[in-house]
Amino acid sequence: MRSGPQDEPLISDFSDDAEMAPLIEEFAQEMPENIDRMLSHWRKQELSALRRAVHQLRGAGGGYGFPSITESAESVEQQIDTTPEDLEAIGQALDELIQLCARVAA
């Protein structure tokens, strides 16, 4: 079985920046908690709380050199904002975001 891009660690654009290394490490270490928080809000259908968690991740993703997380989080936010009744679309966007987040590496 070949490994694809979805199996590879997601590395920060700032991985060569020694000053950013500890911050990126902390971001990566906190990712499981962030994923759990988003999933908890999703399971409880707490869309406003989910949107807040995703929004925070959107900003942090870019700040720590993970633009794909920012883009994916933006997609989740847009789904919640424009079609909150379309839980399938929100769920798909959230699943993509969580898959990216699970790949974050320091």
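## Ground rules

Contact here means heavy atoms within 4.5 Å. Keep in mind that this is a predicted model.

## The α2–α4 pair

Which residues bring α2 and α4 together? From α2 come Leu47, Leu50, Val54 and Leu57, and they meet Leu87, Ile90, Leu94, Leu97 and Cys101 of α4. Sorted by type, the residues of this contact are nine nonpolar, no polar and no charged.

Two packed helices are described by the angle between their axes and the distance between the axes. For α2 (residues 47–63) and α4 (residues 87–102), that works out to an angle of about 35° and axes 13 Å apart. The crossing of α2 past α4 is left-handed.

## Two sides of α2

With 17 residues, α2 spans 24 Å from first C-alpha to last, close to the 24 Å expected at 1.5 Å a residue. Its buried residues are Leu47, Ala49, Leu50, Ala53, Val54, Leu57 and Gly61. Looking down the axis of α2, these buried residues fall within an arc of 155°, so they line one face of the helix. An α-helix has 3.6 residues a turn, so residues three or four places apart point the same way.

What about the other side of α2? There, Ser48, Arg52, Gln56 and Gly59 are exposed.

## Neighbours and what comes next

After α2 comes Gly65, with a positive phi near 90°.

Note on methods: Residues numbered from 1 in each chain as written. Predicted model: local features only at pLDDT ≥ 70, side-chain atom pairs only at ≥ 80, totals over all residues. Heavy atoms only, no water. Axes fitted to C-alpha atoms, helices over the stretch in contact; angles between N-to-C directions. Helix = DSSP H or I, 4+ residues; strand = E, 2+ residues; numbered from the N terminus. Left-handed = near helix turned anticlockwise from the far one by under 90°. Nonpolar A, V, L, I, M, F, W, Y, C, P; charged D, E, K, R; others polar. Expected span 1.5 Å × (residues − 1). Buried < 20%, exposed > 50% of the residue type's maximum accessible area, 1.4 Å probe, protein only. Arc of directions from axis to C-beta.
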